[in-house]
Amino acid sequence: MQFQQLQYFVAVAETRHFTRAADLVHVAQPSLSQQIKALERELGADLFLRARGNITLTDAGEALLPLARRILADADTARHEVQELAQLRSGRVRLGATPSLCTGLLPDVLRAFHDRYPGVRLLIEEGGSHDLVRELARGALDLALVVLPLPTPAPALTTVELLREDLVVVSSPDAPRPGRGRRTVRVPDLEGERLVMFRHGYDLRELTVAACRAEGFEPDFAVEGGEMDAVLGFVRAGLGVAVVPRMVAARSGRGLRVTPLARPGLHRTIALAHRSDVAPPRAARELQRMLIER
């Protein structure tokens with residue numbers, strides 16, 4: 001029994017017509033008929049009752065049909081799985097993330113992913129959550145690490161929460177300790193501080209400004225408009241203080257003083273997002289699994 005013979009048999013069973021079945025499987029009708037007859041000889045039973053203009057299944061054909069469909073489906077699954085595995089030997093993953101997550105969360109996970117799948121190219125795009133959601137929606141990214149809640153409703157996206165991260169205040173060790181020297185800083189204490197502030201569209205900017213306004217004051221910017229590395233550099237130089245994620249502060253190295261925010265503090269929720277209507281490629285799903293299980 002040959003795999004091709006089962007394909008032809010199912011095509012005839014579904015169309016109840018040899019010529020239409022031949023068109024369906026892209027083979028000449030005589031060749032299809034010969035293969036069906038060869039299958040019947042091997043099985044020792046007729047599979048079809050052939051009458052002019054009327055093709056019906058015999059009892060043997062009725063018994064074979066669900067088995068043949070299952071064999072063909074299993075073969076298709078096997079082909080798909082092998083192709084998916086092949087994607088892990090090459091392929092690519094297009095991942096979007098906010099700059100702070102590229103600094104804090106991603107390095108260790110991407111190193112582990114690269115060690116396991118060295119043939120997969122990692123394409124990273126940095127941006128604010130609003131920009132990343134737009135890139136996901138237009139199909140330019142497979143996955144994106146975003147900050148919740150999303151800046152605009154995104155019903156076509158599926159999000160999985162990864163972590164809830166504390167924010168801290170960083171300052172230069174050569175400058176006075178923020179919050180009048182206390183071991184923790186409250187948001188109202190930032191009213192007397194000059195802030196180094198991120199550019200517009202940065203999630204941390206919106207979060208910090210909103211927290212200050214909730215306490216009844218407008219933040220005072222010493223300098224604004226930078227990305228994460230620039231902001232940390234300006235803080236090291238003593239231009240002001242900044243509110244950053246704890247993971248970023250922990251990875252920032254020497255030259256920064258880290259002061260926690262007093263309870264209830266400030267936090268942000270990080271989620272992994274992808275389009276709901278399109279399954280990510282196998283390599284992207286593997287990176288997704290590693291991020292969730294990190």
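Helix α1 covers residues 3–15, and at 1.5 Å a residue its 13 residues should span 18 Å; the C-alpha atoms at its ends lie 19 Å apart, which agrees. The expected span here is 1.5 Å times one less than the number of residues in the helix. Helices (H or I, at least four residues) and strands (E, at least two) are DSSP runs, numbered from the N terminus. The model is predicted: local features need pLDDT of at least 70, side-chain atom pairs count only at pLDDT 80 or more, and totals for chains, interfaces and linings use all residues. Residues are numbered from 1 along each chain as its sequence is written, and side-chain values use heavy atoms, with hydrogens and water left out.

Several residues of α1 are buried, namely Gln5, Leu6, Tyr8, Phe9, Val10, Ala11, Val12 and Ala13. Buried means under 20% relative accessible area, exposed over 50%, and partly exposed in between (1.4 Å probe, protein chains only). Just after α1, Arg16 takes a positive phi of about 55°.

Helix α3 (residues 29–43) can be checked in the same manner. Its 15 residues, at 1.5 Å each, should span 21 Å, and its end C-alpha atoms are 21 Å apart, which agrees. In α3 the buried residues are Leu32, Ser33, Ile36, Ala38, Leu39 and Glu40. Just after α3, Gly44 has a positive phi of about 75°.

Next come two strands. β1 and strand β2 (residues 54–57) run antiparallel and are joined by 4 bridges; two strands pair if DSSP finds at least two bridges between them. Arg50 has Ile55 in β2 as its bridge partner. The hairpin of β1 and β2 has 2 residues between the strands, and Gly53 in this hairpin takes a positive phi near 75°.

Thr58 lies in the loop between β2 and α4 (59–87). With 11% relative accessibility, Thr58 counts as buried. Thr58 and Leu47 are 11 residues apart in sequence, and their C-alpha atoms are 5.3 Å apart in space. Leaving aside neighbours within four places in sequence, Thr58 is in contact (heavy atoms within 4.5 Å) with Asp46, Leu47, Phe48 and Leu49.

Aromatic rings are the next topic. A pair of aromatic rings is described by the distance of the centres and the angle of the planes. Rings of Phe, Tyr and Trp (its six-membered ring) pair if their centres lie within 6.5 Å; planes under 30 degrees apart count as stacked, over 60 as edge-to-face and the rest as tilted. By this rule there are 4 aromatic pairs. One of them is formed by Phe18 and Phe48, which are edge-to-face, at 5.9 Å centre to centre and 70° between the planes. This pair links distant parts of the chain, with Phe18 in helix α2 (residues 18–24) and Phe48 in strand β1 (residues 48–51), 30 residues apart. Phe18 counts as buried at 11% relative accessibility, and Phe48 counts as buried at 2%. Ring pairs link Phe9, Phe18 and Phe48 into a cluster.

Phe113 and Tyr117 form a tilted pair, at 5.2 Å centre to centre and 55° between the planes. Phe113 counts as buried at 0% relative accessibility, and Tyr117 counts as buried at 13%. Glu286 is found in helix α11 (residues 282–293) and is buried, with a relative accessible area of 9%. The C-alpha atoms of Glu286 and Leu88 are separated by 8.6 Å, although these residues are 198 residues apart along the chain.

The last topic is the nonpolar cores. A nonpolar core is a set of buried Ala, Val, Leu, Ile, Met, Phe, Trp, Tyr and Cys residues joined through side-chain atoms within 4.5 Å. The largest has 29 residues, and those with the most contacts inside it are Val170, Phe198, Met228 and Val244. At least two residues of this core come from each of β6 (157–171), β7 (194–198), α8 (203–214), α9 (228–236), β9 (242–245) and α10 (246–251). A second, separate core of 25 residues includes Cys102, Phe113, Leu272 and Ala283.

Of the 5 residues of β7, 4 are buried, so β7 is largely enclosed by the rest of the structure. β7 pairs with strand β8 (residues 220–226) in the parallel sense over 5 bridges, and Phe198 stands opposite Gly226 in β8.
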